[in-house]
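Open the model in your viewer and keep the selection panel handy. This tour goes stop by stop, saying what to select and what you will find there.

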Amino acid sequence: MKLFEYQTKEILKNAGVRIPQSVLTECADDVGDAVVAVGLPCVLKCQVLSGGRGKAGLVKLVQTVDEAAALAKRYFAEVPSLHAVLVEQAADIESELYLAVTIDAPSGKALLMGCAEGGVEIETIAANTPEKIVKEWIDLDKGLQPFEISDFAFRLGLRGDLLKKVSRICGALYRAFRSMDAELVEINPLFLTKAGEAVAGDGKLSIDDNSMFRHTAYEKGRSYYQSDMEYEAAQEGIPYIEFDGDISLMCAGAGLANTVYDLVNYEGGTVANYLEFGGPNYMKAGTAMRLCLANEPKVVLIVTFGTIARADVMAEGIAKAVRELKPGCPIVACLRGTGEERVDEILAPVGLKRLSDTEEAVRKAVAIADGRAQA
Amino acid sequence: MSILIDQNTRVLVQGITGKEGSFWTQHMVEMGTRVVAGVTPNKQGQVCCGAPVYHSVRNAVREHAVDAAMVFVPPKFVMDAVMESLDSGIRLIVTLADGIPLHEQAKVRAAALSCGATVVGGNTSGIIAPGKAMMGSIPYWIERVYKPGRIGIMTRSGSLTNEVTAMVVAAGFGVSTLIGVGGDPVPAARFAEFLPAFEADGETDAVVIIGELGGTMEEEVAEAVKTRRFTKPLVAFLSGRTAPAGTRMGHAGAIITGGKGSVADKTRVLESAGALVARRPREVGTLLNTALAERK
């Protein structure tokens with residue numbers, strides 16, 4: 001679960017990281033008071049989960065209360081999936097650092113990373129000049145040792161008082177990473193101010209989805225999703241991603257769903273949505289079908305090859321959904337695996353014919369979407 | 001021969017009396033797997049699927065010689081179960097659960113590395129040597145997928161394993177050993193670590209890897225092929241070739257960030273190392289035929 005910037009900063013602050021003074025506002029009317037409280041100039045920052053906020057114009061420096069009020073009005077009216085607007089004191093910046101902690105899969109250790117050139121796209125630096133990224137691997141059982149932090153900060157080029165300040169921040173960042181079961185926690189940029197302070201300018205933290213049972217205070221509301229449909233699917237526990245193409249994918253199993261997505265693209269088709277109803281969701285074929293149809297696709301393409309996710313049980317759910325929802329578009333069904341011998345007799349009464357070859361099913365769906373074939 | 005397990009492997013099952021544990025242990029036994037003992041806390045003295053049940057792994061290994069442990073416990077308890085078997089000296093462990101907390105996945109990986117153990121999983125359906133033994137929840141009865149033969153298979157995806165392996169079998173081949181390393185971001189064992197055993201196995205002619213976008217496991221395989229640590233034909237099928245960057249589709253392990261881990265990148269390094277990469281599941285069979293014909 002990705003957290004908003006203000007939530008991340010709250011966690012960092014509690015761990016001992018300095019953050020700029022700020023006020024969170026939930027409507028345009030509150031922004032004026034917030035600006036007065038933090039002082040001018042200040043920065044208005046849209047609390048959205050999509051990346052590249054700066055480039056998208058969702059983070060802006062304002063010089064006057066009027067300017068802030070006008071901008072806030074526009075943000076609250078126009079920005080999709082906007083959670084809130086953070087009004088934050090502008091910092092007097094000397095330079096910027098990048099700091100992050102994540103998990104390194106090959107070693108099974110945590111990885112502390114830093115770069116003396118913060119602020120910009122760290123991915124670009126990682127790709128073009130990887131030597132500029134300083135790394136320290138951390139044994140999760142032993143934890144981050146003071147000598148490791150000290151050496152890391154030295155390698156980042158820090159000296160004197162700043163070395164000490166950034167070292168403390170590294171320790172805090174690692175504690176936040178561990179206590180939040182984070183996939184990633186990042187401070188980018190870490191402002192080094194003209195007054196010699198180190199202040200977190202922006203923060204990202206995502207909690208591992210498998211660890212959410214230890215972090216029940218965080219609830220994912222509508223603004224954590226890109227669309228109403230994605231939100232609704234998430235309430236059902238069904239992975240769902242909306243696109244703007246023609247073919248609704250309803251697949252069991254992540255790897256198979258990704259493969260069908262690829263095959264549709266190879267055949268020149270376009271995907272309306274990705275939906276995966278395998279594993280524990282295989283008895284939710286009805287819900288899955290409803291989510292697909294709500295997207296108004298030209299065709300629904302069902303592909304499964306399950307073991308525990310029994311083909312006959314999924315077929316029964318599909319037949320029931322067809323009877324109840326009376327879909328207005330054709331359905332292509334390719335169901336295999338445990339119980340597949342019963343699928344024909346279940347699907348025939350609702351007018352569906354079972355295919356057994358994935359590529360054949362994909363070609364048929366693409367042909368229907370193009371108007372070259374009928375169901 | 002198969003790698004990792006065969007009909008002689010003495011298997012201990014952790015969580016044997018649970019619903020999933022007893023259901024799949026019964027299948028393991030019916031297929032011919034030698035299950036010598038089970039463990040469920042507070043159930044010592046019971047018998048399940050023909051095996052005596054013990055309170056702890058320590059109690060079980062006092063009475064039985066054990067080669068491998070099969071873990072059927074919920075995700076929150078996987079780390080403890082794996083540590084328990086490692087503590088009793090078991091060095092091959094298979095764990096299936098989907099949903100192991102990430103930091104615990106990492107600790108399990110680190111623990112396996114530190115004692116030289118092979119821990120397979122999580123988020124997998126396990127391992128199978130068709131016709132010999134199975135540890136996991138693999139539908140060995142689907143003959144057009146789990147046919148005995150001479151191709152080694154390693155996979156990150158359960159659903160795709162059926163799809164791709166069916167194509168291998170349709171092309172006239174069968175499976176020597178199939179290993180599901182799983183779809184988690186931190187699999188406890190990685191593709192390349194099994195290549196030496198497949199290389200040495202006289203009954204494996206070629207290896208198929210079923211990978212996907214994200215992570216670096218496919219790149220590690222490419223490195224082994226390139227440096228000739230693995231010299232048999234290697235065919236890969238990778239899903240997520242057209243997946244939009246930065247979007248998590250499916251497995252948590254399957255995400256590309258910062259232009260790394262894309263299927264295009266993985267294909268490039270695998271092909272330049274000398275491996276073959278199929279664009280579609282069906283091509284896996286065709287490429288195997290080509291590669292094996294060339295070797296004759």
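**Before you start**

You are looking at a predicted model, in which local features need pLDDT of at least 70 and side-chain atom pairs count only at pLDDT 80 or more, while totals for chains, interfaces and linings use all residues. Residues are numbered from 1 along each chain as its sequence is written, and chains are lettered from A and ligands numbered from 1 in the order in which they are written.

**Stop 1: chain A as a whole**

Chain A has 12 helices and 16 strands; helices (H or I, at least four residues) and strands (E, at least two) are DSSP runs, numbered from the N terminus. Its C-alpha trace spans about 75 × 50 × 40 Å along the principal axes. Of the 375 residues in chain A, 45% are buried, where buried means that 20 or more other C-beta atoms, placed from the backbone, lie within 10 Å of the residue's own.

Now colour by domain: the assignment for chain A gives domain 1 (21-89), domain 2 (93-214) and domain 3 (235-369). Such bounds come from an automatic or database domain assignment. Among contacts in chain A between residues at least 6 apart in sequence, 69% join residues at least 24 apart; two residues are in contact if their C-beta atoms, placed from the backbone, lie within 7 Å.

**Stop 2**

Two packed helices are described by the angle between their axes and the distance between the axes. Here axes are lines fitted to C-alpha atoms, for helices over the stretch in contact, and angles run from 0 to 180 degrees between N-to-C directions.

Select residues 285-293 (helix H9) and 311-325 (helix H10) of chain A: their axes come within 8 Å and cross at roughly 50°. That makes H9(A) oblique to H10(A); angles under 35 degrees count as roughly parallel, over 145 as roughly antiparallel, 65 to 115 as roughly perpendicular and the rest as oblique. Show side chains for the contact, where residues including A:Met289 and A:Leu293 in H9(A) meet residues including A:Ile318 and A:Leu325 in H10(A). By class, this contact of H9(A) with H10(A) has 7 nonpolar, 2 polar and 2 charged residues. Ala, Val, Leu, Ile, Met, Phe, Trp, Tyr, Cys and Pro count as nonpolar, Asp, Glu, Lys and Arg as charged, and the others, Gly among them, as polar.

Next, pick helix H8 (residues 254-266) and helix H12 (residues 358-369) of chain A, which pack at an angle of about 50° with their axes 9 Å apart. H8(A) and H12(A) are therefore oblique to each other. On the H8(A) side, look for A:Val260, A:Leu263 and A:Val264; they meet A:Thr358, A:Glu359, A:Val362 and A:Val366 in H12(A). These divide into 5 nonpolar, 1 polar and 1 charged.

**Stop 3: where the chains touch**

Bring chain B back into view. The contact takes 42 residues from chain A and 47 residues from chain B. Helix H4 (102-114), helix H5 (158-170) and helix H9 (281-295) of chain B each supply at least two residues of chain B's side, and the largest share, 7 residues, comes from H4(B). The chain B side holds 17 nonpolar, 20 polar and 10 charged residues.

**Stop 4: the domains of chain B**

Colour chain B as domain 1 (1-122) and domain 2 (142-296). Their centres, taken over C-alpha atoms, are separated by 26 Å, and 16 residues of domain 1 are in contact with 16 residues of domain 2. Which element gives the most to the side of domain 1 of chain B that touches domain 2 of chain B? It is H4(B), with 6 residues.

**Stop 5: helix H3 of chain B**

Finally, select helix H3 (residues 78-87) of chain B, which packs with H4(B) at an angle of about 10°, the axes being 9 Å apart. H3(B) and H4(B) are therefore roughly parallel to each other. In H3(B), 7 of its 10 residues are buried, among them B:Val78, B:Ala81 and B:Leu86. Their cover includes strand E1 (10-14), helix H2 (57-63) and H4 of chain B. End at B:Gly89, which follows H3(B) and has a positive phi, near 85°.

Terms used
A residue is buried if 20 or more other C-beta atoms lie within 10 Å of its own, exposed if 12 or fewer, and partly exposed in between; C-beta atoms are placed from the backbone.
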